[in-house]
Amino acid sequence: MSDAANAPAPTARQASYGEVFDRGYAHYDGPREGRRRAVLSLFLYSIKRAMGIRKSWTAKILPALLYFSSFVPLIVIIGIAALAPDFNVASYIDYFGGIFMIVGIFCATVIPEILVPDRREKTLPLYFARAITRFDYVFAKLAAAAVLTMTISVLPAIILWLGTQLTAESPASAMRENIGDLGRVVLLGTLIALTLGTISLVISSMTDRKGVAIGVIIIGFLVITGISEVAVLELDMGWSNYFILGSIQAVFNAIASSLFDVVPDQEVQEANLDTWIYFAWVVFIIVAGSLFVRWRYSPRNAS
Amino acid sequence: MLQTKTDTRRVTDTDAPPVIEVRGIRKTFGSFVALDGINMSVPRASVGLLGANGAGKTTLIRTLLGLIAPDSGTATVVGYDTQHEGTKVREYVGYMPEAEGLPSNTTAADFVGHMAEMSGIPPRAARQRAADVLYQVGLAEERYRLIKGFSTGMRQRVKLAQAIVHDPKLVFLDEPTAGLDPRGREEMLELIERIYRQLGIAVVVSTHILEDVERVCDYVVILDQGRLIAAQSLGDLGDIGGEVIVHIEGDQEAFRRALEAQGITVREADLEMGFEELIVEVENESTYDLIRDIAVAQGALLRSLRGRSRSLEDIYLGNIGATREEVGARE
């Protein structure tokens, strides 16, 4: 060991202002928390990077705008509910229908930042040389994408539920009576977050250019949704009803309508599929998408 | 005990347990044999991993990091089995890849700290160690600047810092001087030298530049076409028995003829050894007397007479040639 490294650390009394010390290398003998710490660090770092934290200010603009777009209508709805209790501004279904596009844009523009830079900047070898497995890497990224998307899909919905209850005449009894709505809101928001987040990660895992990922997600979403809804409405064959599954927005309209027991949109009525098919389809997208991303990061596919 | 530049040149720690133990490792990619039955025990040292492109260096490193499963054979690194304890190996081993691979839109301190956490160090200690290690590699002032503004040399230093930030027992450096200008290369070699001699971290430097290995390494592992050619201490190179290099001032040709007339084999030395030097084969002790007597008789000035040392290049080229001939004969 170097003399400097062996030298005792200066005490507070010794280290008076203006003194210069030789900062010799010190070996680390503190705790090592292994994989658990590594996965947690990757999860948090991915969220920070996607949100533009500790990056230049330009990286923060888009996430901030999307959160603003998501939370401002919420404040307006709760405000109106507080001032005019009899005036029903928006139901949960209306709210989810309204923010669906915002969540979609969030997933298209912010989520690729979780995965794409590691491929583009070739930092994958550095990550895989640390105390994690490839499964850990994919798990941390999927978790980061899911949690981040839930902050814009589930969190505002919970606040909406809470705001609605608190503006009721008797908040405590309103909460008790409407606790079922909270479960439905959380379930719907979580499914939207996981589905859109997974689709975004699948596309992001296939390119090292963020612009390409954003373009494919937005254009793919619009084109496939358009074709699916037109096919359901215009084709008059039994199997063509399944085209509705290509429209993620319609799929969630069907699920939300089922959860809150309201009449769904026209194309969903036209398709007339059993509700469990929509649920199964969403679960399939989440599971298959996660497995695809894992496959993309197997040794053969990721350097 | 600190080993500094002024200490013994070769400081292989043969008393400590080996940092790398490889037994019969074989790895193929389709019909291509990347590693062909490698067996070696590498002591705690500054190790040069030499070989041409495609020799198997990177595959060996990736296998030792537990990132590639070998077809057969076993390996332990810093005491952990690479196949079954891969994450444990990587917790105690650092890696600096050859490829350019750093995030551009983040500061050096943030990234190196994150890499420390990725090796299991808690956040607070990770931040402290990032600052300390960036200081050690000469980036104390620049640590809060975005990496995208860094020069190639500074980026190499960040890569080195992330490789040692978690205080590994062993660090793999893949082509650490690639792409650096002469000054940057010199500074990088000094840093590598410090990592083992002053920081006490065993080093494996993968390179095809012999000079870099001779400069900073104590032990050399040579690969060629997936085969292990040599694994030995550079301090054991020794002299080539039976040859001396003779430097005379005078009629070199007459001197050479006189020796050959006595039945002594004489060759001209390579140009890099000196234009006027001859390599003389020593048959017995009397050859030295003969060299002296002929020089005196011809009035030539005998400037020097020294045993011929083997260079790393001798080992590299000699062993590769011999191994290829042996393999060719077998096939």
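Biologist: At what angle do the axes of α9 and α11 of chain A cross?
Modeller: Helix α9 (residues 179–204) and helix α11 (residues 248–260) of chain A cross at roughly 165 degrees, their axes coming within 10 Å. Helices here are DSSP runs of H or I with at least four residues, and strands are E runs of at least two, numbered from the N terminus. Axes are lines fitted to C-alpha atoms, for helices over the stretch in contact, and angles run from 0 to 180 degrees between N-to-C directions. α9(A) and α11(A) are therefore roughly antiparallel, a word used for angles over 145 degrees.

Biologist: Is this predicted or experimental, and how are things numbered?
Modeller: The model is predicted: local features need pLDDT of at least 70, side-chain atom pairs count only at pLDDT 80 or more, and totals for chains, interfaces and linings use all residues. Residues are numbered from 1 along each chain as its sequence is written, and chains are lettered from A and ligands numbered from 1 in the order in which they are written.

Biologist: Now chain B. What is the strand order in the open sheet?
Modeller: The six strands run β6-β7-β8-β3-β9-β10 in chain B, with mixed pairing. Strands pair if DSSP finds at least two bridges between them. β6 (93–96) and β10 (227–233) of chain B are at the edges with a single partner strand each, so one side of each has no neighbour in the sheet.

Biologist: How do β6 and β7 of chain B pair?
Modeller: β6(B) and β7(B) (residues 170–174) pair in the parallel sense over four bridges. B:Val93 has B:Leu170 of β7(B) as its bridge partner.

Definitions and conventions: Angles under 35 degrees count as roughly parallel, over 145 as roughly antiparallel, 65 to 115 as roughly perpendicular and the rest as oblique.
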